[in-house]
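User: Can you walk me through the side-chain contacts in this one? I'd like to start with the rings and then get to the charges.

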Amino acid sequence: MSPRTTSRPSLRPRLQRAAARLLLGLAFLGPLACAMTPDRLPPPDRQFYYTLPSADDKAKFLKLKETERKPFLEQKGLWTRWMELPPAEREAAQRGEVKAGYKEFTALMAWGAPADTQESKTPERSVRFHTFIRCTSGPRVGRWVASNLACDGTSSEVEVAVENGLITEVKYLN
């Protein structure tokens, strides 16, 4: 026998066993790989997450598989509200744009839950004022948050006036 033809164990079976272990591990972890934080949700699921009414609903939504999210949103009535928006408003919400004349739900889908809501009532009318906070510096720059302390930097505020479900005014406060 020449030195090149000595019998030694092949690397191929070892590589096959390692690949099989890796695939088995991924198959085991796959069901556990739900979106454990809203930041891991794809759009528009992330926007829907912030419109959910309760912390319990939000926790459930994060644990759902992608195929289970739409039925969950339909059950909560959010999918219907989304589909009731004109296509131009849905596109604007996905770009994060809000204008007077849009429906209130467009602002919620564009920017998430407001940091604060005040209501002004008179016998003739009722107006809700939503305040939204956007981080302008720091690690969360560009994100809409519930408190300016979450920005770890500077922030700006936008106030949206809503009457009868329609946005009547958008004010950039700073």
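Predicted model: local features only at pLDDT ≥ 70, side-chain atom pairs only at ≥ 80, totals over all residues.

User: How are the rings of Phe 61 and Phe 72 arranged?

Analyst: They make a tilted pair, 5.9 Å centre to centre with 40 degrees between the planes. Phe 61 lies in helix α3 (residues 55–63) and Phe 72 in helix α4 (residues 66–76), so the pair ties together parts 11 residues apart in sequence.

User: Are Phe 61 and Phe 72 buried or exposed?

Analyst: Both Phe 61 and Phe 72 are buried.

User: And what about Trp 111 and Trp 144?

Analyst: Trp 111 and Trp 144 form a stacked pair, at 4.5 Å centre to centre and 25 degrees between the planes. This one links distant parts of the chain: Trp 111 is in helix α7 (residues 104–111) and Trp 144 in strand β3 (residues 144–145), 33 residues apart. Trp 111 counts as buried because its relative accessibility is 4%, under the 20% cut-off. Trp 144, at 23%, counts as partly exposed.

User: Which rings join into a cluster?

Analyst: Phe 48, Trp 79 and Trp 82 do, linked by ring pairs.

User: OK, switching to charges. Where does the charged end of Arg 69 sit?

Analyst: Over the ring of Phe 61, 6.0 Å from its centre. Arg 69 also meets Asp 45 in a salt bridge, 3.0 Å from N to O. Asp 45 is in helix α2 and Arg 69 in helix α4, so that bridge ties together parts 24 residues apart in sequence.

User: Buried or exposed, that Asp 45 and Arg 69?

Analyst: Asp 45 is buried, with a relative accessible area of 12%. Arg 69 counts as buried too, at 6%.

User: How many salt bridges does the structure hold?

Analyst: Eight. One of them is between Asp 39 and Arg 143, with the closest N and O atoms 2.8 Å apart. Asp 39 is in the loop between α1 (11–29) and α2 (45–51), while Arg 143 is in the loop between β2 (126–135) and β3, 104 residues apart. Asp 39 is partly exposed at 38% relative accessible area, and Arg 143 is partly exposed at 34%.

User: What does Lys 76 pair with?

Analyst: Asp 57, in a salt bridge of 3.0 Å from N to O. With Asp 57 in helix α3 and Lys 76 in helix α4, the bridge ties together parts 19 residues apart in sequence. Asp 57 counts as buried at 7% relative accessibility, whereas Lys 76, at 33%, counts as partly exposed.

How values were computed: Residues numbered from 1 in each chain as written. Heavy atoms only, no water. Phe/Tyr/Trp six-rings, centres within 6.5 Å; stacked < 30°, edge-to-face > 60°. Helix = DSSP H or I, 4+ residues; strand = E, 2+ residues; numbered from the N terminus. Buried < 20%, exposed > 50% of the residue type's maximum accessible area, 1.4 Å probe, protein only. Lys NZ or Arg CZ within 6 Å of the ring centre and 35° of its normal. Salt bridge = Lys/Arg side-chain N within 4 Å of Asp/Glu carboxyl O.
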